[in-house]
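Have your viewer ready and follow along.

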Amino acid sequence: MQTQSNENGERTLYGFWLSPFVSIAAHLLTEAGLPYRYQRISPFLGENVAAEYLSRNAFGKVPCLEEPDGAVISESQTIGRYLSRRYESAASIYPCADPVACAEVDRINDFLTFSVSGPFINWILVSAYWPKVLGAKTESESEIFNSWSLLLTKMNLGRLTQSASLSPYLLGAAPTLPDFHLFHILEAGITTAKLFDMPQLDLVKGDPLLEPFYQAMLTRPSTAEILAAKTAEQPLNERELFEDFARTQAPLIAPANQMLAAMFGHPV
Ligand SMILES: N[C@@H](CCC(=O)N[C@@H](CS)C(=O)NCC(=O)O)C(=O)O
């Protein structure tokens with residue numbers, strides 16, 4: 001595991017609140033009663049690819065958690081599993097002392113990662129960010145991807161919700177790692193649906209199984225805390241998203257745009 005000298009002995013969570021993955025990590029820390037300092041890293045300003053941040057997470061992705069003893073952990077699900085192994089107060093979200101119970105949590109969470117949340121983020125990037133924020137002329141190709149993604153996401157979410165306990169959480173009366181994962185993916189969908197005027201990204205509205213799950217998560221005091229922080233930062237995120245992101249990303253996405261132009265047969 002990577003370590004960083006941590007002179008002030010604080011726990012720090014790096015990221016920005018619009019990120020569902022940062023919100024998952026923050027939510028798990030809050031649930032477990034583990035205090036932390038939040039340090040905003042804005043991908044819209046390119047802060048996630050600056051040398052200082054890359055020294056913590058070479059992937060340039062947020063979240064990243066720096067522990068009081070200097071341990072540095074990134075990837076939201078890794079952070080969740082780490083917290084539950086290290087802190088008794090986080091043990092219930094990932095019951096690693098019981099391999100069979102743990103396998104059940106992994107089964108749901110792996111399905112979410114591979115079949116729902118990864119593809120969902122690609123959906124948002126291709127259908128919304130690329131044409132509507134980064135200015136790429138891929139409207140018709142993005143629209144096709146949008147339709148396929150809607151179909152596949154609904155299909156896979158349906159498999160999950162129809163087979164889960166949902167009483168009210170995925171595995172029963174108490175939430176585990178995949179509940180926080182699913183909640184923040186749904187939250188990201190609701191936020192981006194409004195942001196880009198794409199109602200199809202709101203996966204909760206009108207879904208008789210997801211609506212009660214979402215409401216149950218909303219009743220948790222930890223959820224209110226996380227959503228308040230997210231709401232407070234939203235104007236800043238929107239400003240940077242629409243005013244700065246295209247400029248800071250331009251050098252990074254230029255090679256991708258060249259490939260897209262070659263694939264699609266027109267300038268993007
Ligand atoms: N699998 C990662 C995903 C993290 C991720 O995709 N974070 C996004 C923000 S939502 C990010 O850092 N994007 C910046 C970039 O890719 O340059 C996790 O679970 O933590």
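## A helix and its surroundings

Is α1 largely enclosed by the rest of the structure or largely exposed, and why? In this predicted model, eleven of the twelve residues of α1 are buried, so the helix is largely enclosed by the rest of the structure. The buried residues are P20, F21, V22, S23, I24, A25, A26, H27, L28, L29 and E31. Among the elements that cover them are β2, β4, α3, α6 and α8 (221-243).

## Helix geometry

A quick check on length: at 1.5 Å a residue, the twelve residues of α1 should span 16 Å, and the end C-alpha atoms are 16 Å apart, which agrees. Just after α1, G33 takes a positive phi of about 70°.

## The largest nonpolar core

In soluble globular proteins, nonpolar side chains tend to be buried together. Here, the largest nonpolar core holds 52 residues, and V22, A25, L28 and V62 touch the most other members. Two or more residues come from each of β2 (12-15), α1 (20-31), β4 (64-66), α3 (76-86), α4 (99-133), α6 (177-195) and α7 (210-218). The biggest share is from α4, which gives eleven residues. Both domain 1 (2-93) and domain 2 (99-264) supply at least three residues each to this core.

## A closer look at L28

Which residues is L28 in contact with, leaving aside its neighbours within four places in sequence? The partners of L28 are I79, G80, L83, A90, I93 and F180.

Definitions and conventions
Residues numbered from 1 in each chain as written. Predicted model: local features only at pLDDT ≥ 70, side-chain atom pairs only at ≥ 80, totals over all residues. Core = buried A, V, L, I, M, F, W, Y, C linked by C-beta atoms within 7 Å. Buried ≥ 20, exposed ≤ 12 C-beta atoms within 10 Å, placed from the backbone. Helix = DSSP H or I, 4+ residues; strand = E, 2+ residues; numbered from the N terminus. Domains from an automatic or database assignment. Contact = placed C-beta atoms within 7 Å. Expected span 1.5 Å × (residues − 1).
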